[in-house]
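Colleague: Let's go through the aromatic rings of this model. Keep it brisk, please.

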Amino acid sequence: MLNSDIEGARKYHSATKHSYESVRTSLHRMDWEIQPLPFKIYKTLEPLPLPRQPPISEVPALAAIADEAPLLPSGEAVPDLMMLSRLLYFSNGVTKHRKNQGGEHWFRAAACTGALYHIELYLVCGALPGLEAGVYHFSAHDLALRRLRAGDFRGVLVQATGGDHSVAAAPAIVVSTGTFWRNAWKYQARSYRHSFWDSGTILANLLAVAAAHRLPARVVAGFADSAVNALLGLDEQREVALEVVPLGYSPSSPAGPSPQLEPLDLPTEPLSKREVDYPLIREMHGASCLTNAEEAAAWHGAALPAPCQAPTGALYPLALAGPETPTEPVEQVILRRGSTRQFALRSVTFQQLSLVLDRAARGIPADFLGPGGHLNDLYLIVHAVDDLPPGAYVFHRDRRALELLKEGAFRGHAAHLGLGQELPGDASFNVYMLCDLERALGRFGNRGYRAAELEAGIIGGRLYLGAYAVGLGASGLTFYDDDVTAFFSPHAEGKSVMFLVAVGKSAKLPRP
């Protein structure tokens, strides 16, 4: 199926919707005998240890989340090995490790659905201070790089992205990948959505840390898929490239012709004794692939502007000013971040909500978004926020204000919409990302589905960081798709929900 045949995305989205009936009639049960490994481990490659405990910046998290490092600085910006260690560790590194009666548990820098950690990071670079040119895998389990290819292969990515300007000038490029089975073990075919939610939360961290250190970074989602997969030596039936992220700026050392690309045969530890195939994932991925550089070049460009919906309800401008703006550095917030397991049913301040929402909704440097552009609209259910009536809201980015759609106590509704879980009902407020999928697919083809889910994941990652920066907790959640749209309609009519994040004051639970 071609990317332009958008029936592929329509079919996948419809087939993976949650409803009250589908969840309760599902026969799926997790088979603990085949629980996948949370790491990709190469059997034969020697580790290149990365510097541990990289220095922390002094840039407040709220500033780093919302800041876009300049794409074309006046001078060069070349990361060294310490900078790479900082970026990789604070985006997808292991920040905590615990042992208990249930076994060993590793916690990563960014949130991931089910703590299954199915996203991998690879590095493609020219010669850098402290690191030879090559293609590397970031091994999170021992904080090391493992070299898959020796030499400068950046030219492969320049060609695969259709000559993207930020890729062409980047001394280092990170590629994120998704491993289907590691998430599908629990979430089945719906896990393809999670590929972009979870790579999005990782990229939110990566962009924030890069911005804190004034290192240009940009998300490139348009590329010839098979070329990038071949460069990394991926089995495309099981693991695929999701995003390309150029880092830094070095026009004086552009990527030249790459060495001959030989097939890789690098054995890895099996993820589990056996794997269950979910063909719908591969069908959706194949339908959204680009086949060559020309298609990638044509795909780049901003999304079509959304039609303006003038507010008709009461407006509440965000309360952003005040002496209480936190100044904790972004890296320390990342180390503190978790996924809240219980909220305390307490009110938060309007300034806390305002800071979290404002920073999360700022523009994302991406090849499918122009300045200030977006695919997802933000809707909220507010339960307990000082000086803000409980009710349903939509956020107007251009006005930096919330419009009240309907006033009322909706804790029960929120719990239902969040798959009947207590967390969204107990939170202080919930943020839903809804997208006009037909507009996204009309502009980008099936790959527009990836872009919409990815943007929602990055916004979700920013909501996590913003919440913890202001002293709150957060948790990403799944949902009953059509019920969410119905709840926010008629304003949200025709839109599809992409992601949900609940925010509030965490309740301390006894450690198991």
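Colleague: Are Trp197 and Phe499 buried or exposed?

Modeller: This is a predicted model: local features need pLDDT of at least 70, side-chain atom pairs count only at pLDDT 80 or more, and totals for chains, interfaces and linings use all residues. Residues are numbered from 1 along each chain as its sequence is written, and side-chain values use heavy atoms, without hydrogens and water. Buried means under 20% relative accessible area, exposed over 50%, partly exposed in between (1.4 Å probe, protein chains only). By that cut-off, Trp197 and Phe499 are each buried.

Colleague: How many aromatic pairs are there?

Modeller: Rings of Phe, Tyr and Trp (its six-membered ring) pair if their centres lie within 6.5 Å; planes under 30 degrees apart count as stacked, over 60 as edge-to-face and the rest as tilted. By this rule the count is 17.

Colleague: What is the centre to centre value for Trp197 and Phe499?

Modeller: Their planes are 35 degrees apart, and the pair is tilted. Centre to centre, the value is 4.7 Å.

Colleague: Which residue forms an aromatic pair with Trp299?

Modeller: The pair is tilted, with 40 degrees between the planes and 4.8 Å centre to centre. Both residues are buried. The partner of Trp299 is Phe444.

Colleague: Which residues do ring pairs link into a cluster?

Modeller: The links here are ring pairs. The cluster holds Tyr12, Phe180, Tyr192, Phe196 and Tyr449.

Colleague: Which residue lies over the face of Phe487?

Modeller: A charge sits over a ring if NZ of Lys or CZ of Arg is within 6 Å of the ring centre and within 35 degrees of the ring normal. At 3.9 Å from the ring centre of Phe487 lies Lys406.
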